[in-house]
Amino acid sequence: MKKLESSLTNMVLVLTLVAVIMGGILAFVNHLTEEPINEQKKMALDNGIKTVMVSEMIEVAEPVVVTQNDENGKEISFTIYQVKDAQGQDLGAAVESTTGGFGGDLKVLVGFDPEGKILGYTLLEHAETPGLGAKADQWFQKGEKGDIIGKIPAEPLTVSKDGGQVDAITASTITSRAFLKAVNNAYNAYKATPANADTDAESGATQQNKEEE
């Protein structure tokens, strides 16, 4: 077999062929792993909803996407999962909310009861510093230093350093602010859904009923 001449054209052809072959291999591997990865994400979400709603026997409705603008006019999307118990009683909803943390996007799943009280939360995705900002997965849980469980974010939750009522994670104020912003935004999106828009944050009564009283 005649040896290929070492020329620019031949080198480009060889490199192109190698790139095409590698691209095909990567596409094949991605196809093989895509379904298992999606299944893992779905399982994590299903378990997350049960965790933040503090209930195992639940029925989750088809997700609803709510879009709102933040204080800078940026459009943000929230995914809301209305939840009922096995008897069909409304338990509230789990809301996916994403903000920018210290190391990247911080995606939080927050559970609210029908009155808007925080039932629980879990971090779905984050890129925060291990040992610092990553502590957000526990810091704000019930009984911890920054406990937000049972609170209603009708008045936005803020860290004590900003005059608020929530203790920030030690040496991770930026992450703490981002986390609380995600929770506040999740609450606003939850209250914006038709099923919850008229609910009074303090009593759970509708505004109409409150006026009649």
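Start by selecting Tyr190: in this predicted model the residue is buried, with a relative accessible area of 0%.

A search of the whole structure turns up 4 aromatic pairs, and Phe112 with Tyr190 is a stacked one, 5.4 Å centre to centre with 10° between the planes. Colour by element and you'll see strand β5 (residues 105–112) holding Phe112 and helix α3 (residues 173–192) holding Tyr190, so this pair ties together parts that are 78 residues apart in sequence. Show Tyr187 too: ring pairs link Phe112, Tyr187 and Tyr190 into a cluster.

Next stop, Phe140 and Phe179. Their rings are stacked as well, 4.3 Å centre to centre and 10° between the planes. Phe140 sits in the loop between α2 (136–139) and α3, while Phe179 is in helix α3, 39 residues away. Both Phe140 and Phe179 are buried.

Which strands pair with β3?

- Strand β1 (residues 58–60) pairs antiparallel with β3 over 3 bridges; look for Ile58 opposite Asp85.
- Strand β2 (residues 64–69) runs antiparallel to β3, joined by 6 bridges, and Thr67 stands opposite Ser77.
- Strand β4 (residues 90–100) is antiparallel to β3, again with 6 bridges; Ile80 has Val95 as its bridge partner.

Finish at the turns. The β2–β3 hairpin has 5 residues between its strands, and Gly73 there takes a positive phi near 85°. In the β3–β4 hairpin, with 4 residues between the strands, select Gly88: its phi is positive, near 85°.

Note on methods:
Residues numbered from 1 in each chain as written. Predicted model: local features only at pLDDT ≥ 70, side-chain atom pairs only at ≥ 80, totals over all residues. Heavy atoms only, no water. Pairing = 2+ DSSP bridges. Helix = DSSP H or I, 4+ residues; strand = E, 2+ residues; numbered from the N terminus. Phe/Tyr/Trp six-rings, centres within 6.5 Å; stacked < 30°, edge-to-face > 60°. Buried < 20%, exposed > 50% of the residue type's maximum accessible area, 1.4 Å probe, protein only.
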